[in-house]
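I opened this model to look up two things, and I am jotting them down here.

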Amino acid sequence: MRFLIDTFSPEAAKHILDYYPADGVTTNPAIICREKKQLKPTLMELREAVGDKMLHVQTMQTEADAMLDEALSLRDALSGCRFFVKLPCNSEGIKACRAIKSKGVGVTVTAVFSPMQALVAARAGADFVAPYVNKLEDVGEGLRCVKEIKELFDIHALPTQILSASFRNVRQVTEVALFGSHYATLPPAFFDKLVYHPMTENAVKGFEDDWQELYGDKKPIDLIK
Ligand code: G3P
């Protein structure tokens with residue numbers, strides 16, 4: 001499984017890309033509204049931040065024709081990165097998915113809450129489907145949904161990838177990775193949690209104490225001089 005950053009903050013995206021092996025950025029209208037930043041300049045900054053990596057941006061249009069127009073316009077404005085338009089998993093989104101794919105634009109079908117939605121999106125040519133794990137886990141279905149989507153895609157040899165979103169804890173991320181989710185998109189603050197372990201902190205402290213006692217400092221080891 002690979003990682004994406006779920007954010008509308010170019011600063012946070014740059015920071016995470018500097019530290020962690022993430023493949024790009026996803027956004028959605030809720031995240032955008034939470035940041036309260038200017039839409040267009042921030043999108044352009046995000047494009048700069050991701051370089052040639054992925055950028056997934058959701059349309060707010062509600063009809064398939066308008067979704068297509070917006071997808072083409074976003075694709076042109078955000079050229080340089082690997083752009084994917086996010087479409088809601090409803091009838092207009094599925095109709096738009098086919099039309100947008102026929103124009104060569106990448107599509108992520110989002111707000112997926114059932115395996116059958118994912119199967120229809122995949123048949124419509126979606127590059128990615130985004131199941132909302134934690135939101136569904138509230139009714140005990142999030143992890144099972146990802147597992148069943150993976151099974152359906154394998155059984156029917158569908159190339160669409162699973163981009164799991166909406167997590168409350170690291171265990172959920174581990175579970176979707178074990179089920180074969182291709183991607184997990186995580187808020188910036190989540191990345192440190194993926195690698196934090198108190199026993200690692202203790203081990204590092206032990207190394208430092210031993211080193212300090214024998215050598216007294218942390219000068220870089222230089223075998224040349
Ligand atoms: O990308 C999906 C995400 O924004 C939903 O996450 O934390 O609101 O369940 P959450």
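These entries cover the ligand site and then the cysteines.

**Ground rules.** I am working with a predicted model, where local features need pLDDT of at least 70, side-chain atom pairs count only at pLDDT 80 or more, and totals for chains, interfaces and linings use all residues. Residues are numbered from 1 along each chain as its sequence is written, and side-chain values use heavy atoms, with hydrogens and water left out.

**Entry: ligand site.** I looked up which residues surround the ligand and found Asp-6, Asn-28, Ile-31, Tyr-132, Lys-135, Ala-165 and Ser-166 (near means a heavy atom within 4 Å).

Next I checked polar contacts (N or O pairs within 3.5 Å). Oxygen atoms of the ligand lie 2.6 Å from a polar side-chain atom of Asp-6, 2.8 Å from a side-chain N or O of Asn-28 and 2.9 Å from a polar side-chain atom of Lys-135. The protein covers 76% of the 310 Å² of accessible area that the ligand has on its own (Shrake-Rupley, 1.4 Å probe).

**Entry: cysteines.** How many disulfides does the whole structure hold? My search found zero, with a disulfide taken as two cysteine sulfur atoms within 2.5 Å.

Cys-89 is buried at 15%, and Cys-97 is buried at 0%.

How values were computed. Polar contact = N/O pair within 3.5 Å; in protein donor to acceptor, adjacent residues only side chain to side chain. Buried < 20%, exposed > 50% of the residue type's maximum accessible area, 1.4 Å probe, protein only.
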